[in-house]
Amino acid sequence: MAVTIKDVAREAGVAISTVSRYINGAPVKPENEKAIEAAIKQLKFSPNRSARGLKNLRTYTVGVVMQQVDTVYSAKLAVSIEKYLNAMGCAMVLCCHEGSVESAREYVEFLTEQMVDGILLCSVPLEEDFLGAAVEAGIPIVGLEDRIEDCRMDVVRVDGVTSSYELVEGMVRKGHRKIAIINGAKRWTAARERLRGYLRVLEDYEIPVREEWILDGDFREASGYEGMKRLWEQEERPTAVFAANYYICVGVMRAVQELRIRVPEELSVVSFDDHILSVMVEPKLTAVEQPLEQVAAEACRLLQERIEKKETGKPRTVRLKARVIPRDSVGPA
């Protein structure tokens, strides 16, 4: 079995990221350097790089860490990212942590061991630091939507506040004042921004906030299904519902069918995310279309500039505008 930098790190008694820094020419403590050199000699370790990688200390690989790839959003994003990485001459190493901080940490350590040129983070757990190995190794990191606190990283973010505002305001202009939102968990930046857009509309139009109409979910279909049923069981029902992502909307529409709610006559429905459901159901859904292709392009651009050291300044945030597509699911209150 080939010797890896994890083996070298274990033999030398240092972190994987320290070995990675040493191999890539970054400074390490003299005592660590001595221990790493001894371990390399002892284990007969040789970095597995291509010829061009040996020349300029690059592996031409980029790690992509995301929660899952079995959703429409993540699948489209992964395909777009791979396209732009290929255009950069890089291969994509895809890692799915399934919401586990420990898995995310193990994947980051693995990517550090593989000496990837950079890392893209999509839908990552924010509650705990798991980037230590990559940060210590000096690997450039770009986040899509979420920024990890105290981590020097660029971010590409869709402007969820403005898009949500426009979506909800469209219902208000048709006379709706009883508007509910079924959202994702507030630990996600996307969920917080969509809620902010919703609340700003209520404030601007002097509509009272009804806490029982603000439901937190987890961006999955069950959240929409259970949330819609809870709303319809209330003594006073909303006349409109804002589903904060595609899967929540799928759940909402399933509940709507079971409860025989007429859309938009009895209930107006809008969705943040515009996928095939929006035009397959009747009536067709008013929705926000996220610029996923542009998100991928911008993230890869920022990462490439960091990898090639064309940009060495402070962390940057790129905000992209989404598009509201009006259809038939919003009627007068």
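Let me begin with Cys-95: its sulfur lies 7.6 Å from the closest cysteine sulfur, that of Cys-96, which is too far for a bond. A disulfide here means a pair of cysteine sulfur atoms within 2.5 Å, and a search of the whole structure returns 0 of them. Cys-95 counts as buried, at 2% relative accessibility, and Cys-249 counts as buried at 0%. Buried means under 20% relative accessible area, exposed over 50%, and partly exposed in between, with a 1.4 Å probe and protein chains only.

The model is predicted: local features need pLDDT of at least 70, side-chain atom pairs count only at pLDDT 80 or more, and totals for chains, interfaces and linings use all residues. Residues are numbered from 1 along each chain as its sequence is written, and side-chain values use heavy atoms, leaving out hydrogens and water.

I turn now to the sheet. Six strands, 6 in number, form an open sheet in the order β2-β1-β3-β4-β5-β11, with parallel pairing. Strands are DSSP runs of E with at least two residues, helices runs of H or I with at least four, numbered from the N terminus; two strands pair if DSSP finds at least two bridges between them. Because β2 (91-96) and β11 (317-320) each have a single partner strand, they stand at the edges, and one side of each is left without a neighbour in the sheet. Neighbouring strands are turned by 15° against each other on average, direction ignored.

Within the sheet, β3 (residues 118-122) and β4 (residues 141-144) pair in the parallel sense over 4 bridges. Leu-120 stands opposite Val-142 in β4.

Finally, helix α5 (residues 72-87) packs on the sheet, touching β1 (61-66), β2, β3 and β4; contact means heavy atoms within 4.5 Å. The direction of α5 makes about 170° with that of β1, where axes are lines fitted to C-alpha atoms, for helices over the stretch in contact, and angles run from 0 to 180 degrees between N-to-C directions.
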